[in-house]
Amino acid sequence: MSDKRQRARVQGSWAKPLPKHSGTTGAIPNNNPSNNANAASGSWGCGPQKTTKTFEFHQPTKPTREVPPEKVIEQAGDYEISHGPSGVSRLRLLPGFLPPEEADWMFSKLLAELPWSQKSNYRQGEAYQEPRLTCWYGELPYTYARSTMAANTQWHPLLATLRETVSQASGLSFNSLLCNLYRDGHDSIGWHSDDEASLGTKPTIASISLGDTRVFSLRKQPPPEEIGDYTYVERIRVPLNHGTLLLMEGATQDDWQHQVAKEYHDRGPRINLTFRTIYPEPEGHRPGTKMRFTAKNL
Ligand SMILES: O=C(O)CCC(=O)C(=O)O
């Protein structure tokens, strides 16, 4: 065996866990016969040596960090999910906003009649197909993930009615709508915020779900010192079922990201309608640019 490998094996035996010892300052005297092997290997295999050195266990000074447990929101209500420098982030959840029979025929009609297509997006210069179908209604085109959707300016009559219903319930007006079709559990949308400059500051997004239930997840943006590490951030899951209305308000798009993750058990199709207000891009502004400039968005 080479000298180097021989040493690696000796060091390996040092790496074995130390015998358990009661008390927090578990001093391990080396005159304990059970430690003779360590004493021998500590001298690099040159035979036992007597030394008065002891090893003491010290409690780590840095407290161990806990990953916060994920919260679940499933009851109707208004929820202040965070208070931060950018303001209050709020969710409003209204399960059963559309009665089931109405939601049933709306789902079938929209599935059959909307001009669904698959969008090509770009990430780090590479094109990829968005894993869901979409279509866009409004007066202006909408750009996200470096690809632009042309606007359908003629609203489908059912979408026009739903826009009115959502406006009355929320007291807000919306000029645009992104329609999403998740064909099965393999369709998804990854972590993002709806924070393109064209949506203005603190946008309210009103989202109606039809069809199978999917989990809408949120995770808080980490503070700058975490350098984009989401390990310890707060998380919320909101199961969105047939006929539910969800409003995201206040600083939610500044301080949180959301996603609909893939699900690997049987999931039927789901339609999601997200009403928004879009503003013309400022002169000389690159369409689809984010409000927040982080490494991920550049
Ligand atoms: O499908 C959903 O519930 C969310 C869709 C979404 O986040 C988006 O299209 O920006």
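This is a predicted model: local features need pLDDT of at least 70, side-chain atom pairs count only at pLDDT 80 or more; totals for chains, interfaces and linings use all residues.

Colleague: How many residues of strand E14 are buried, then?

Modeller: Five of its five, across residues 256-260, so the strand is mostly covered.

Colleague: OK, and which strand pairs with E14 over five bridges?

Modeller: That's E11, residues 214-220, and the pairing is antiparallel. Strand E9, residues 189-192, also runs antiparallel to E14, joined by two bridges.

Colleague: What is the bridge partner of Ile189 in E14?

Modeller: Val260. Phe216 has Val260 as its bridge partner in E14 too.

Colleague: Switching topic: which residues touch the most other members in the largest nonpolar core?

Modeller: Leu159, Cys179, Ile208, Leu210, Leu273 and Phe275, out of 28 residues in that core. At least two core residues come from each of several elements, including helices H3 (100-113) and H4 (157-170) and strands E5 (126-137), E8 (176-182) and E15 (270-276).

Colleague: And is there a second core, or where do Ile189 and Phe216 go?

Modeller: There is a separate core of 16 residues, and Ile189 and Phe216 are in it, along with Leu91 and Tyr182 among others.

Colleague: Back to Cys179: what is in contact with it, leaving aside neighbours within four places in sequence?

Modeller: Leu114, Trp116, Leu133, Thr134, Cys135, Tyr137, Leu159, Asn272 and Leu273. Of those, Leu159 and Leu273 are also on the list of residues touching the most other core members.

Notes: Residues are numbered from 1 along each chain as its sequence is written. Side-chain values use heavy atoms; hydrogens and water are left out. Buried means under 20% relative accessible area, exposed over 50%, partly exposed in between (1.4 Å probe, protein chains only). Helices (H or I, at least four residues) and strands (E, at least two) are DSSP runs, numbered from the N terminus. Two strands pair if DSSP finds at least two bridges between them. A nonpolar core is a set of buried Ala, Val, Leu, Ile, Met, Phe, Trp, Tyr and Cys residues joined through side-chain atoms within 4.5 Å. Contact means heavy atoms within 4.5 Å.
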